[in-house]
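Hi everyone, thanks for making time. Let me put it up on the screen.

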Amino acid sequence: HVAPSWDVADNERKNWSLNCKVIENWVADEFSHDMHSDRRSITAETPLRVAMVGNCSDVKNHQMVLRSALALPRVVVVHVGGILAATQEEQVLVRQLEGQSRLEMLGARTDVAAILHGSQVFAMPSLHEGMPVALAEALCTGLPCLISDAPGLHWAASEPGVLVARDAGDWIKLLGRLSQDETFIWSSTSAAQAASARQRERFS
């Protein structure tokens, strides 16, 4: 039996007494190019561009990020993925943020690497995952990541540049710091970029 992350392996062992060999998901080569110099500069005057990658669904919990962004006027959300399964609350939040020009709904795209490199933070508020390739892609680009404290994401919690939000208050607090505190966003970015070469080798 094979599992794509240690989180999945733990789940298989606890629930079905299966001992799995962990073979992590891999990341395509386009996420291995060093494009840090192209990333727009981060200052207290510029909006924080937060990227979310993945189709909308209950388990992806995108409304957590949208709700937090609505409370933080200097945050712009960039979403890549389908929206057919978006919750009713998510649809309402989308309309509100679009009305303020603080949301870019890009739909399904093939240039995800370029979109990540044009953002300052990657967000994954999922309620649970297996081993999300989108998160591994963000780690390979050297992007700071804000993730939920959820099964399937714990494997990344201790990685450099990764911040963990345990509840709605944490999401607002951490996104607020990232959008307002230049020292905090730069330290998070520097940590993520310093680890990016190792991440690329890990997920090659």
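**Salt bridges, pair by pair**

So, we've got 10 salt bridges in this structure, and keep in mind that we're looking at a predicted model. I'll go through a few of them.

Let's start with Glu 104, which pairs up with Arg 49; their closest N and O atoms sit 2.9 Å apart. Glu 104 belongs to strand 5, residues 103-107, while Arg 49 belongs to strand 3, residues 48-53, so this bridge ties together parts that are 55 residues apart in sequence. And is Arg 49 buried or exposed? It's buried, at 14% relative accessible area, because the cut-off for buried is under 20%. Glu 104, at 30%, is partly exposed.

Next up, two helices. Glu 89 makes a salt bridge with Arg 67, again with a closest N to O distance of 2.9 Å. Here Glu 89 comes from helix 3 (residues 88-99) and Arg 67 from helix 2 (residues 63-70), so parts 22 residues apart in sequence get tied together. Glu 89 is partly exposed at 36%, and Arg 67 is partly exposed at 34%.

Now for some loops. Arg 166 bridges to Asp 149, with the closest N and O atoms 3.9 Å apart. Arg 166 is in the loop between strand 8 and helix 6, Asp 149 is in the loop between strand 7 and strand 8, and the two are 17 residues apart. Arg 166 is exposed at 59%; Asp 149 is partly exposed at 40%.

Last one: which residues form a network through shared partners? That's Glu 24, Glu 159, Arg 198 and Arg 202, joined into one network by their salt bridges.

Terms used
Residues are numbered from 1 along each chain as its sequence is written. This is a predicted model: local features need pLDDT of at least 70, side-chain atom pairs count only at pLDDT 80 or more; totals for chains, interfaces and linings use all residues. Side-chain values use heavy atoms; hydrogens and water are left out. A salt bridge is a side-chain nitrogen of Lys or Arg within 4 Å of a carboxyl oxygen of Asp or Glu. Helices (H or I, at least four residues) and strands (E, at least two) are DSSP runs, numbered from the N terminus. Buried means under 20% relative accessible area, exposed over 50%, partly exposed in between (1.4 Å probe, protein chains only).
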